[in-house]
Amino acid sequence: MDIREIKKIAQRYTPEQIEGCITRQVETGKNICLEDEETEKIVNDLSKAVVVRELVDSGRSLADALRELARRMRRLQQGI
């Protein structure tokens, strides 16, 4: 998924709705937030979107929230 899709989902759904989509995807293999992908990829992408949405809801700009997501992902990849 590209960053545009994450932005769309983060803007369209609340964190609770995205979490619900993740739960439904894991339980049933379907959800309303994101379709036409494998479950693992959907859960991964929705997890990114919920982080962005929570950061925006806490007062950060969308651009800043996306940068923070990228920073967190880099830290995880580096094992910090």
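Student: Arg-53, buried or exposed?
Tutor: Arg-53 counts as buried, because its relative accessibility is 17%. Buried means under 20% relative accessible area and exposed over 50%, with partly exposed in between (1.4 Å probe, protein chains only).

Student: What sort of model is behind that?
Tutor: This is a predicted model, in which local features need pLDDT of at least 70 and side-chain atom pairs count only at pLDDT 80 or more, while totals for chains, interfaces and linings use all residues. Residues are numbered from 1 along each chain as its sequence is written, and side-chain values use heavy atoms, with hydrogens and water left out.

Student: Back to Arg-53. Where is it found, and what is it in contact with?
Tutor: Arg-53 is found in helix H3. Leaving aside neighbours within four places in sequence, Arg-53 is in contact (heavy atoms within 4.5 Å) with Ala-10, Gln-11, Arg-12, Tyr-13, Thr-14, Pro-15 and Ile-18.

Student: And Glu-68, buried or exposed?
Tutor: Glu-68 counts as buried, because its relative accessibility is 10%. Glu-68 lies in helix H4, and with neighbours within four places in sequence left out, its contacts are Leu-55 and Arg-60.

Student: How many helices and strands does the chain have?
Tutor: The chain has four helices and zero strands, in the pattern α-α-α-α along the sequence. Helices (H or I, at least four residues) and strands (E, at least two) are DSSP runs, numbered from the N terminus.

Student: Which residues touch the most other members in the largest nonpolar core?
Tutor: Ile-9, Ile-18, Leu-46 and Val-52 do, in a core of 19 residues. At least two core residues come from each of H1 (3-12), H2 (15-28), H3 (39-57) and H4 (62-78). H3 gives the largest share, seven residues. A nonpolar core here is a set of buried Ala, Val, Leu, Ile, Met, Phe, Trp, Tyr and Cys residues joined through side-chain atoms within 4.5 Å.

Student: What about the radius of gyration?
Tutor: The chain has 12 Å, which agrees with the value near 12 Å for a compact globule of 80 residues. The radius is taken over C-alpha atoms, and the globule rule is 2.2 Å times the number of residues to the power 0.38. Along its principal axes, the C-alpha trace spans about 30 × 30 × 20 Å.

Student: How much of the chain is buried?
Tutor: Of its 80 residues, 34% count as buried.

Student: Last one: what share of contacts joins residues 24 or more positions apart?
Tutor: Such pairs account for 48% of the contacts with a separation of 6 or more.
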